[in-house]
Amino acid sequence: MSTTRRAAVLGSPIAHSLSPVLHRAAYRELGLGDWTYGRHEVDEAALPAFMERLDDTWAGLSLTMPLKRAVIPLLDEITPTAASVEAVNTVVLTGDGRRLGDNTDIPGMLAALRERGVQQVERASVLGAGATASSALAALARICTGEVTAYVRSDARAAEMRGWGERLGVPVRTAPWEDAAAAFEAPLTVATTPAGTTDALAAAVPARPGTLFDVLYEPWPTALAAAWTGRGGAVVGGLDLLVHQAVLQVEQMTGRSPAPLAAMRRAGEAALLAR
């Protein structure tokens, strides 16, 4: 009988996902020659049928947008971490046929910050108000002892961020995007916006910046991250986040710990250089 185990990343679009590179690097380091990891273009409408086709060779799934919320009704259980932001990026398929959902983005953010020496901050800023921003708030709820200021583009987004703050137990103040340069006064700034959005803010980086967590990994460095590094500030990048959340996924899906962080990061860096 075959011992092949399967895992994959699902989403739409999915062609440029680095997850296969990271997970396959982990399998090589762990000696899991009979494990495979693929990518599948799956949107919300196609997700239920895809899930129905999974057999007992499947160990787990990584999920990206737009599936992180759409998958929840298809699962048997989700962790409190995933429930806190209503988003699942990891599905573990158990031997008894259960489907368990988790969110490794939040602990992945915390691990990436710890790696750069950020254990606790007295206040923080968040640029943006999308799905990643809510995960950032969930992470900040665990390490920020004071207020988080979110810089947003609309009243509706502001209300959403304050709502997430109340739900997650972190005090959130909102401010208009036009004032976003003021974000850099905080010891930690988390940029959660799409590529190019923060480029105009690069000139506003202060002489002695704190820590920047920019969740983008392509293109890298962003204009903001490059300016930040040029001023001597610490920068945590999107690849750091991607690798740390993937480490947790590998450990959950394979049952092997610790996952090979360094090898996974090297593989991700090489893949980005090759693009």
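In this predicted model, the second largest pocket has a lining of 16 residues, and those nearest its centre are Y217, W220, L239, E269 and L272. The space in this pocket comes to about 300 Å³. Three elements, β12, α8 (238-254) and α9 (261-274), each supply at least two residues of the lining. The largest share belongs to α9, with four residues. By residue class, the lining of this pocket has nine nonpolar, two polar and five charged residues.

Strand β12, which contributes to that lining, also belongs to a sheet. Strands of a sheet pair through backbone hydrogen bonds, and the pairing can be parallel or antiparallel. Here six strands form an open sheet with parallel pairing, in the order β9-β8-β7-β10-β11-β12. The edges are β9 (172-176) and β12 (234-236); each has a single partner strand, so one side of each is left without a neighbour in the sheet. On average, neighbouring strands of this sheet are turned by 20° against each other, direction ignored.

Strand β7 (residues 124-127) and strand β10 (residues 188-191) run parallel and are joined by three bridges. In this pair, V126 of β7 stands opposite V190 in β10.

Helices also pack on the sheet. Helix α5 (residues 131-143) touches β7, β8 (148-152), β9 and β10, and its direction makes about 170° with that of β7. Helix α6 (residues 155-168) packs on the sheet as well, touching β7, β8 and β9. The direction of α6 makes about 165° with that of β9.

Technical notes
Residues are numbered from 1 along each chain as its sequence is written. This is a predicted model: local features need pLDDT of at least 70, side-chain atom pairs count only at pLDDT 80 or more; totals for chains, interfaces and linings use all residues. Side-chain values use heavy atoms; hydrogens and water are left out. Two strands pair if DSSP finds at least two bridges between them. Axes are lines fitted to C-alpha atoms, for helices over the stretch in contact, and angles run from 0 to 180 degrees between N-to-C directions. Contact means heavy atoms within 4.5 Å. On a 1 Å grid over the protein atoms alone, a cavity is a set of points where a 1.4 Å probe fits but cannot get out, and a pocket is an open set with protein on both sides within 12 Å along at least five of seven lines; lining residues have an atom within 4 Å of a point. Grid points are joined across faces, edges and corners, and a volume is the space filled by probe spheres set on the points. Ala, Val, Leu, Ile, Met, Phe, Trp, Tyr, Cys and Pro count as nonpolar, Asp, Glu, Lys and Arg as charged, and the others, Gly among them, as polar.
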